[in-house]
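Please open the structure in your viewer and keep the sequence beside it.

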Amino acid sequence: EKAQIGVTGLAVMGRNLARNFARHGHTVAVHNRSYGRTKELVEEFGHEGAFLPAESAEDFVASLERPRRVVIMVKAGKPTDAVIEEFAPLLEPGDMIIDAGNAHFADTRRREAALKERGLHFVGTGVSGGEEGALHGPSIMPGGSPESYEALGPLLEDIAAKVDGEPCCVHVGPDGAGHFVKMVHNGIEYADMQLIAEAYDLLRQAGGHTPAEIADVFRGWNSGRLGSYLIEITAEVLRQVDAETGKPFVDVVVDQAEQKGTGRWTVQSALDLGVPVSGIAEAVFARALSGGAEVRAAAAGKLPGPSAGAGAGAGAGGADLQADVEQALFASKIVAYAQGFQQIQAASAEYGWDIDPGAMAKIWRDGCIIRAKFLDHIKRAYDKQAGLQTLLVDDYFLDAVSGAQAAWRRVVALAAEQGIPAPGFASALAYYDGLRAQRLPAALIQGQRDFFGAHTYRRVDKEGAFHTMWGADRNEVTA
Ligand code: NDP
């Protein structure tokens, strides 16, 4: 008997993916650098399905039916290259290597090109949902060639999460498209988490509510339009009480958020593409600010805040604040998603990926960390108009942000007046106002650039590039 698919790298993610394949009736070859993990998997979970454990790479490859499908689930970076180099020489033309780790899309593009020359398919695949998702149904974002998807897609669709019977898995696009979309998914996740944290902070500091009360607020929001996994788990975390001290969990945890890097990658890529993902960037920087313990220690207590009682009239404490914060959260979340989707569209054009943005919203509806009701509306928006410039102008989202506008402004003003940092809310609103503006001060910046660097400018009333002789008679010349 041969295996339909093989998984190498059997830490939490690889082990759970292998079990998920087996539970769906596939025979799974399993392998790990150190045999201990392989043995453990088969001993503990062998009863769940058909596993073919292999100690050597050669035995592992020999146990796979053709075309061979080898899923790599190891630490991203050098280990992935090492494992590719171990397996590629053992494979034959038409076989495929699937990297399901969190690789940078540029690495995936490089690996795909190199393996194509050796006649092998390389499928960089985003997998979201953490270890639970891997076992019970993740959201899966495979890149690589369309041919590889024909041979691999049905297996991935089997183990993916389902919404109304439809799998949360679709061929995203060639080479690095899958890992790119997974990266932006994580960037959006950063923004979502930061906005939720700001909402909590405002309810606590300006509203004077306890974490337990705020947990109830979030639980209420979860049954409305904000309904999502992140809102749901936020209520759970806020409700948690530390067993040792009896204090709220959020008060005994160090206030420094860590990061593994996909948020940073998203922002780096957005800088290269020239797409303003300010919501994601603010979230990455907010984590960096929180982690800057020494700077914070040097500044806290030295930098003065607003005078006592500032902004006290602005709905503090009442039900109005909750309603306002819900509006600000929803509107800011829409901005963050609009920016992330714009980045996907820009990359798709830049790299020739032809990504269907609506399909991305569709496969994020379950299995992944940013799963939310709201994604249905994003899918619908792109179904209606594939070339939508920004989600903000789709009817549903336009209604939502314009309806939220007054509350959103009140919340940002309140935060500023009371000295509560709300970079996500504030920058989302600034982005909204920037997009909305009939005229931006960028004209002045063009003047400055022309003044010091003769960079030239364009005029609103005629074609061409112009330069003003700033240092001489200040007459305008055609550049
Ligand atoms: P880790 O990232 O902790 O990686 C451990 C695995 O990598 C082990 O199987 C280890 O083998 C293997 N490994 C490390 N270095 C090498 C090497 N040089 N050669 C061969 N094998 C090596 O495991 P996770 O399961 O947490 O994650 C796997 C991948 O999935 C990562 O890329 C991660 O970013 C991604 N991912 C993780 C998620 C999560 O929630 N954890 C969610 C989504 C994606 P050994 O046992 O011999 O040490």
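Does Val 250 count as buried, partly exposed or exposed? Val 250 counts as partly exposed because its relative accessibility is 25%; buried means under 20% relative accessible area, exposed over 50%, and partly exposed in between, with a 1.4 Å probe and protein chains only.

The model is predicted, so local features need pLDDT of at least 70 and side-chain atom pairs count only at pLDDT 80 or more, while totals for chains, interfaces and linings use all residues. Residues are numbered from 1 along each chain as its sequence is written, and side-chain values use heavy atoms, with hydrogens and water left out.

**First selection: Val 250.** This residue lies in helix H11 (residues 249-252); helices are DSSP runs of H or I with at least four residues, strands are runs of E with at least two, and both are numbered from the N terminus. Show next Tyr 200, Arg 204, Pro 211, Val 237 and Leu 238, which Val 250 touches when residues up to four places away in sequence are not counted; contact means heavy atoms within 4.5 Å.

Look in the loop between strand E9 (166-167) and helix H8 (177-205). Asp 175 counts as buried because its relative accessibility is 14%. Beyond its neighbours within four places in sequence, its contacts include Thr 108, Glu 112 and Trp 353.

Select Arg 439, Ala 443, Gln 446, Tyr 457 and Arg 458, which lie nearest its centre among 13 lining residues. A pocket is an open set of points on a 1 Å grid over the protein atoms alone, where a 1.4 Å probe fits, with protein on both sides within 12 Å along at least five of seven lines; lining residues have an atom within 4 Å of a point. Helix H20 (residues 442-453) gives the largest share of this lining, four residues.
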